[in-house]
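Please open the model in your viewer and keep the selection panel at hand. The stops below are meant to be taken in order.

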Amino acid sequence: NRIARTKEPIVNSIAGVLHPDRKEVTWVKVNGCASLTDTGEVKEIVISFIEYTDRIKIEKEKIAAIKKLEKSEKRLNHTQELAGVGSWIFYPPSQKAEWSDETFNLWGLDSRKGLPTYETLIERVHEEDLTLFTSTYEAAVTLGTSYDVEIRVNLPNGIQKTLRSICQTTIGKPGEVVSLNGANLDITAQKLLEKDQIKHQRIKAIGEMSSSIAHDFNNLLSAVIGNADLAMMKADKSGPIVHHLNQIVNASITATDLCNQMLAFT
């Protein structure tokens, strides 16, 4: 009816047919055109029907698989965000790459703007870690060398992150590096904790050393006081030597009190 009315052809139109012996709809692809007379009247209409049910099922299965994959990717991205882990893959032959959302987040990049260039990444790497970053990357791309390194990244908002970058390479039969599969882990909090632990260990070591010195010095002062007491017992009580010995004893006692305070503090 549409062709008869408009004289325009129908191309690849999908129609569902209710077959009396089938529970499911039979899908067909419809193509049709009109044959016109010299005066432009419709002489005949030719229609073809192509079985399309299986193709429709495949398309539905494909859509369902894509939705399932998208759901899985959302779960994976959420899990990576919680763990502070971002995954990525790079194909050297085609120079193509894939990044997870968390990888963009770790580098302070907007995933909506697409993948960053190698130069953009270099600009964000801390200058002291730049040689390590470039050398390990080049060795992975050219030689297929896997790596596990720690690099510092300076974000545009002024925050500095420490990332553990892990890469596993895949090499093809001719020795060509086929792909680089990697992950970035945010270990900033871990590195800060390690610094605090090192500081704590240093303070502890200083305390133990101070305590040991104070204890040994206390023993030496005890010997000084003891010998000074023995000297006073043998000295002339009316002579000037007794006065000097008393000063030695009093100074040693004061020093002993200071050592005891240091021991108590450490």
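Predicted model: local features only at pLDDT ≥ 70, side-chain atom pairs only at ≥ 80, totals over all residues.

Residues are numbered from 1 along each chain as its sequence is written, and side-chain values use heavy atoms, with hydrogens and water left out.

**The whole chain**

Begin with everything selected and coloured by secondary structure, which gives seven helices and eight strands (DSSP runs numbered from the N terminus, helices being H or I of at least four residues and strands E of at least two). The C-alpha atoms fill a box of roughly 155 × 45 × 35 Å along the principal axes. The radius of gyration of the chain is 42 Å, whereas a compact globule of 266 residues would have one near 18 Å (taken over C-alpha atoms, with the globule rule being 2.2 Å times the number of residues to the power 0.38). Of the 266 residues, 27% are buried (buried means under 20% relative accessible area, exposed over 50% and partly exposed in between, with a 1.4 Å probe and protein chains only).

**The paired strands**

Select residues 147-154, which are strand 6, and show the side chains: Y147, V149, I151 and V153 form a covered face, while D148, E150, R152 and N154 form an uncovered one.

Next, select strand 7 (residues 160-171) together with strand 8, an antiparallel pair with nine bridges. Their hairpin has five residues between the strands, with G175 in the turn at a positive phi of about 90 degrees.

**The largest pocket**

Which residues lie nearest the centre of the largest pocket? Select F90, W99, Y118, L121 and Y137, which hold that place among the 20 lining residues. (On a 1 Å grid over the protein atoms alone, a pocket is an open set of points where a 1.4 Å probe fits, with protein on both sides within 12 Å along at least five of seven lines, and lining residues have an atom within 4 Å of a point.) Its volume is about 420 Å³, that is, the space filled by probe spheres set on the grid points, which are joined across faces, edges and corners. Strand 4, strand 5 (96-99), helix 4 (118-124) and helix 5 (130-143) each supply at least two lining residues, and strand 5 gives the most, with four.

**Single residues**

Select C167, whose bridge partner in strand 8 is G182; C167 is buried, at a relative accessible area of 2%. By contrast, C33 is partly exposed at 39%. The count of disulfides is zero (a disulfide is a pair of cysteine sulfur atoms within 2.5 Å).

Finish at N105 in helix 3 (residues 101-106), which is partly exposed with a relative accessible area of 42%. Its C-alpha atom is separated by 24 Å from that of E194, 89 residues apart along the chain.

Note on methods: Pairing = 2+ DSSP bridges.
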